[in-house]
Amino acid sequence: MKQINKFSMSIPSKSANEAFARVTVAAFAAQLDPTLEEISDIKTAVSEAVTNCIVHAYPDSIGTIYITGEIIEDNVVKLKIRDRGCGIENVKQAMEPLFTTGGTERAGLGFAVMQSFMDYVRVSSKKGKGTSVILKKKISDK
Amino acid sequence: MKINSTGEVLTVYLEGEIDHHSAKSIREEIDTAVEFNMPSLLILDFSGVTFMDSSGIGLVMGRFKTLQKSGAKLNLSNLPPNIYKVMKLAGIDRLANIDKGA
Ligand SMILES: Nc1ncnc2c1ncn2[C@@H]1O[C@H](COP(=O)(O)OP(=O)(O)OP(=O)(O)O)[C@@H](O)[C@H]1O
Ligand SMILES: [Mg+2]
């Protein structure tokens with residue numbers, strides 16, 4: 001896959017960085033001239049993945065969240081959100097809509113939102129090692 | 001955040017971005033107002049909301065459950081298109097009355 005542009009950043013898992021992360025990714029994706037809806041979809045998906053690192057991966061400590069973005073062929077933005085937190089025992093179960101370990105204030109819909117708003121979602125995780133989420137979205141030709 | 005109570009109806013005008021970072025204080029403000037006013041209808045007005053992710057869904061579902069205990073109803077009004085898209089995905093339209101913004 002030809003890489004046309006890229007960025008990477010790492011941020012501490014503080015909730016104030018949720019907005020920072022999604023706005024930064026949106027600014028990166030802006031070079032593909034996305035519609036307002038496409039930008040909103042990307043921001044929402046990134047917010048889900050980053051929030052999961054903060055809430056689930058590092059529940060009682062501040063860890064590091066690693067985010068990379070690439071622009072690849074065919075107007076596709078590819079993002080990776082990775083943590084070195086607690087990991088997910090059963091990824092398939094975690095991705096089921098409404099599944100949550102987060103108690104009553106969480107809907108269990110973060111992965112469902114990512115899947116609905118992006119074209120590609122892949123989650124790999126190892127218990128005790130961390131989780132990585134890869135997201136891709138093709139930006140429409142105008 | 002503006003809150004308006006007229007007897008049975010409590011209206012909360014949400015503002016800005018609803019994510020995990022902001023949800024806690026929004027939740028506390030809504031819950032305090034609900035406990036104090038004991039409305040039979042809570043209207044959450046989203047016209048001033050610019051961003052919402054699944055933390056907002058959790059917020060709405062949580063309020064729905066508390067209202068349900070006292071038999072009160074929930075309305076979501078003036079949803080911008082991006083917010084409506086998230087609510088729709090979550091099936092919130094089966095729990096609460098939703099009206100989209102203009
Ligand atoms: N980065 C992560 N590290 C560890 N566990 C995770 C991670 N991301 C998700 N999970 C697990 O997967 C479950 C489902 O995640 P999802 O985002 O779909 O729902 P949620 O975060 O529980 O609720 P919501 O996103 O609706 O607020 C989480 O409850 C958690 O158990
Ligand atoms: Mg989540």
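Start with both chains in view: 22 residues of chain B are in contact with 25 residues of chain A. Keep in mind that this is a predicted model.

**Stop 1: the interface as a whole**

Show the surfaces of the two chains. About 1,800 Å² is buried between chain B and chain A. Carbon and sulfur atoms give 54% of that area. Now select B:His20, B:Lys85 and B:Leu89. In chain B, these three lose the most area to chain A. Together they account for 30% of what that side buries.

**Stop 2: salt bridges between the chains**

Side chains of opposite charge can pair when their charged atoms come close. Six salt bridges are found across the interface of chain B and chain A. The whole structure, over all chains, has 10.

Select A:Glu37 and B:Lys85. Their closest N and O atoms are 2.8 Å apart, in a salt bridge. A:Glu37 sits in helix H2 of chain A and B:Lys85 in helix H3 of chain B, so this pair joins two chains. B:Lys85 was also on the list at the previous stop, among the residues of chain B that lose the most area to chain A.

Next, select A:Glu105 and B:Arg27. Their side chains also form a salt bridge, with an N to O distance of 3.9 Å.

**Stop 3: the chain B side**

Which elements of chain B give two or more residues to the side that touches chain A? Color these four: helix H1 (20–37), strand E3 (41–52), helix H2 (54–69) and helix H3 (81–90) of chain B. Helix H2(B) gives the largest share, nine residues. By class, the residues on this side of chain B are eight nonpolar, seven polar and seven charged.

**Stop 4: a helix pair inside chain A**

Select helix H1 (residues 17–29) and helix H2 (residues 36–57) of chain A. Their axes come within 8 Å and cross at roughly 145°. The crossing of H1(A) and H2(A) is right-handed.

Show the side chains where they meet. From H1(A), pick A:Glu18, A:Ala21, A:Arg22, A:Val23, A:Val25, A:Ala26 and A:Ala29. From H2(A), pick A:Ile39, A:Ile42, A:Lys43, A:Val46, A:Ser47, A:Val50, A:Thr51 and A:Ile54. Color by class: this contact has 10 nonpolar, two polar and three charged residues.

Finally, bring chain B back. Helix H2 of chain A also holds A:Glu37, the partner of B:Lys85.

Terms used: Residues are numbered from 1 along each chain as its sequence is written. Chains are lettered from A and ligands numbered from 1 in the order in which they are written. This is a predicted model: local features need pLDDT of at least 70, side-chain atom pairs count only at pLDDT 80 or more; totals for chains, interfaces and linings use all residues. Side-chain values use heavy atoms; hydrogens and water are left out. Axes are lines fitted to C-alpha atoms, for helices over the stretch in contact, and angles run from 0 to 180 degrees between N-to-C directions. A crossing is left-handed if the near helix is turned anticlockwise from the far one by less than a right angle, and right-handed if clockwise. Contact means heavy atoms within 4.5 Å. Ala, Val, Leu, Ile, Met, Phe, Trp, Tyr, Cys and Pro count as nonpolar, Asp, Glu, Lys and Arg as charged, and the others, Gly among them, as polar. Buried area is the accessible area (1.4 Å probe) that two parts lose on being put together, summed over both. A salt bridge is a side-chain nitrogen of Lys or Arg within 4 Å of a carboxyl oxygen of Asp or Glu.
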